[in-house]
Amino acid sequence: MDISALRAAHPDHWMRATAIRALALDAVAAANSGHSGMPMGMADIATVLWGRHMKFDASDPDWPDRDRFILSNGHGSMLLYALLHLAGFEDMTPEQIGNFRQWGSNTAGHPEYGHAKGIETTTGPLGQGLANAVGFAMAEEALRARWGGEIVDHRTWVFAGDGCLMEGVSQEALALAGRHELGKLTVFFDDNGITIDGEVSLADRTDQMKRFDASGWHVVSCDGHDPVDIDRAIEEAKAETTRPTMIAAKTHIAIGSSAQDTAKGHGALTDADLIRDAKAAYGWNFAPFEVGGDIKEWWEAAGRRGAPEREAWRSRLENLPDAKRARWEREWTGEPPKKLAPFVRAIKKVASEEGAKVATRKASEEALEAINPIMPETLGGSADLTGSNNTMTTGLGIHAPGNRGGRHVHYGVREHGMAAAMNGMALHGGIKPYGGTFMAFADYMRPAIRLSALMGAPVTYVLTHDSIGLGEDGPTHQPVEHLAMLRATPNLTVIRPADAVETAEAWELALTSRNTPTVIALTRQGVPIVRLEHKQANLTARGAYVLAEAEGKRAAVLIASGSEAHVALAARDLLQKDGIGTRVVSMPSWELFAAQDDAYRRRILPPGPVRVAVEAGVRQGWDQWLVGQRGRENKAAFVGMDGFGASAPAGVLFEKFGITPEAVAQAARSLIGG
């Protein structure tokens with residue numbers, strides 16, 4: 001690269017972009033870790049985008065109608081941090097830049113949602129940001145259909161690299177975006193030809209432009225270091241209204257340094273001579289972390305450029321009728337409608353009184369039939385299992401290009417893309433996303449579920465067919481270890497309701513959650529109502545509660561979740577006939593029970609009686625409640641699965657695998673006798 005020619009062609013632009021490069025070099029060197037090359041290579045694109053095109057106001061970073069900027073190639077986090085600092089975002093101070101990757105700083109190694117304003121999502125696991133961006137863009141379309149372009153009209157911009165496009169989730173995401181004709185979504189492909197191992201050609205020969213074109217995208221290319229050509233490509237993207245745009249920007253990783261166009265350039269460039277020589281080539285004569293006054297002033301002016309548009313938007317919002325503005329504020333802040341709690345209580349009362357045997361997946365649908373009409377912010381969907389997951393309710397309509405106001409998404413067989421898109425929707429604001437698939441296929445979307453939990457994105461995962469109870473489809477579809485996997489994830493609430501009553505309560509909890517995603521684990525098979533006495537309170541919110549008390553002296557406590565609650569109740573009947581006082585505890589959510597105070601947990605699981613847990617899954621994790629919480633190993637047993645399932649009718653499977661009332665009762669008798 002002829003750096004001197006680039007400097008001479010566009011001197012002002014060059015120095016503004018070099019501020020990003022210099023800050024990245026300084027921060028990575030100070031931390032002695034990080035990734036210098038991507039910020040150096042994409043600085044020109046970022047300068048043109050943020051300086052001329054992106055709609056934002058640094059003084060109001062939460063402005064709902066701002067453009068969203070997603071750094072999918074999150075290892076290059078210093079590019080984002082430099083942009084936020086230069087543009088004048090209040091919490092991205094010089095001290096934060098200097099403390100890159102250090103304890104207590106908001107400049108983490110990879111961008112983390114919530115650490116600083118302007119970080120729209122957590123990225124780093126490659127491809128996730130790109131897939132999140134599809135959800136951001138879908139949320140914008142849905143909200144614009146509901147509120148009109150005067151209130152919602154913004155774009156989503158994404159930076160992505162070769163690694164993002166190699167990850168499988170990228171294909172799910174770009175195919176979904178193409179199908180939904182997301183004209184306000186633009187992805188910049190950092191086409192630098194380098195990965196950690198070396199040249200991209202070592203592992204991949206995909207023509208990315210043809211790939212995107214085949215998926216229904218508008219595709220353009222540009223010189224990623226020529227501001228005029230970059231500007232031209234962005235204008236073309238903005239002119240395209242019916243297709244998302246991919247801009248393939250040819251760049252040089254670690255441009256201007258001795259590591260340019262090499263695998264070394266991907267990582268941490270900390271050598272003092274390399275940094276000195278690169279800055280000399282750039283014409284950058286400032287001290288580390290210093291940015292010249294006129295350069296910083298230009299960037300801060302760019303950060304203020306959107307203020308008039310933001311003020312005009314605020315005026316339009318304030319001119320809405322009072323009731324409509326109040327609904328906007330409620331939905332945008334995530335506040336549930338006041339009607340939600342009484343509606344849920346009504347659902348519970350009917351279920352308790354009728355006592356009908358019903359699969360909890362069907363009970364979920366019935367709950368949503370009542371809830372969706374009073375919560376227009378819900379946006380449901382399924383990964384090609386709508387009829388099995390029961391996520392579609394009357395009047396929702398299909399969300400599609402011809403009906404942006406539709407509230408049910410056909411995600412196709414794209415579990416990972418669905419989960420990642422729902423993360424984007426939840427983070428965008430104004431949307432309460434939920435999506436369904438079989439629980440066994442949580443494996444396909446595990447990376448996105450983990451990021452939901454890490455970010456505190458209140459997504460609801462509707463995971464049906466939650467055990468061997470699904471029957472004949474066999475062990476490929478029967479989850480046995482999945483509850484343990486999901487429960488092991490921090491900040492993820494897993495609720496496995498026992499019946500229609502607990503299912504309605506689970507939905508109330510999921511839709512009122514602000515900072516925690518929720519898994520609702522639901523049965524394929526019918527289960528009886530176990531809560532026959534109507535209670536106003538949401539007992540599922542306690543995580544566990546006494547479902548049936550012992551008659552006489554309490555000698556045993558049976559603990560169950562989901563479809564095994566009625567098994568525990570039947571086992572109690574057998575034990576009580578033998579004169580063994582037996583309490584049954586329904587435990588739909590470990591996480592919610594763990595959040596209760598010790599006094600409550602002690603009341604539910606008192607020391608002394610033997611404890612038997614029954615669940616059609618593996619034991620892993622259950623000792624927290626069997627042996628912990630003042631239990632004892634020699635007074636604890638588990639009835640469940642210790643291997644994979646089989647193909648047979650559900651009733652046969654429960655009998656063959658020993659998940660029966662007789663087995664539970666015998667486990668309790670053995671402990672008492674021992």
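First, the basis of the work. This is a predicted model, in which local features need pLDDT of at least 70 and side-chain atom pairs count only at pLDDT 80 or more, while totals for chains, interfaces and linings use all residues. Residues are numbered from 1 along each chain as its sequence is written, and side-chain values use heavy atoms, with hydrogens and water left out.

Let us turn to the pockets. A pocket here is an open set of points on a 1 Å grid over the protein atoms alone, where a 1.4 Å probe fits, with protein on both sides within 12 Å along at least five of seven lines; lining residues have an atom within 4 Å of a point. A volume is the space filled by probe spheres set on the points, which are joined across faces, edges and corners.

How much space lies in the largest pocket? The volume is about 640 Å³. Its lining has 30 residues, and those nearest the centre are Tyr113, Trp332, Ala426, Leu427 and Gly429. Helix 14 (322-333) and helix 18 (415-428) each contribute at least two lining residues; helices are DSSP runs of H or I with at least four residues, strands are E runs of at least two, and both are numbered from the N terminus.

The second largest pocket holds about 310 Å³. It is lined by 24 residues, with Gly163, Ile194, Thr195, Ile196 and His266 closest to its centre. Helix 7 (residues 162-166) gives the largest share of that lining, four residues.

Next, consider Ser215, which sits in the loop between helix 9 (208-214) and strand 4 (218-223). Is this residue buried or exposed? Ser215 is buried, at 15% relative accessible area, where buried means under 20%, exposed over 50% and partly exposed in between, with a 1.4 Å probe and protein chains only. Leaving aside residues up to four places away in sequence, Ser215 touches Gln171, Leu174, Ala175, Gly178 and Arg179, a contact being heavy atoms within 4.5 Å.

Finally, helix 22 (residues 565-577) has 13 residues. Its buried residues are Ala565, Val567, Ala568, Ala571, Arg572, Leu575 and Gln576. They pack against strand 14 (545-548), strand 15 (554-560), strand 16 (581-586), strand 17 (610-614) and helix 27 (661-673). Just after helix 22, Gly579 adopts a positive phi of about 80°.

Key. Expected span 1.5 Å × (residues − 1).
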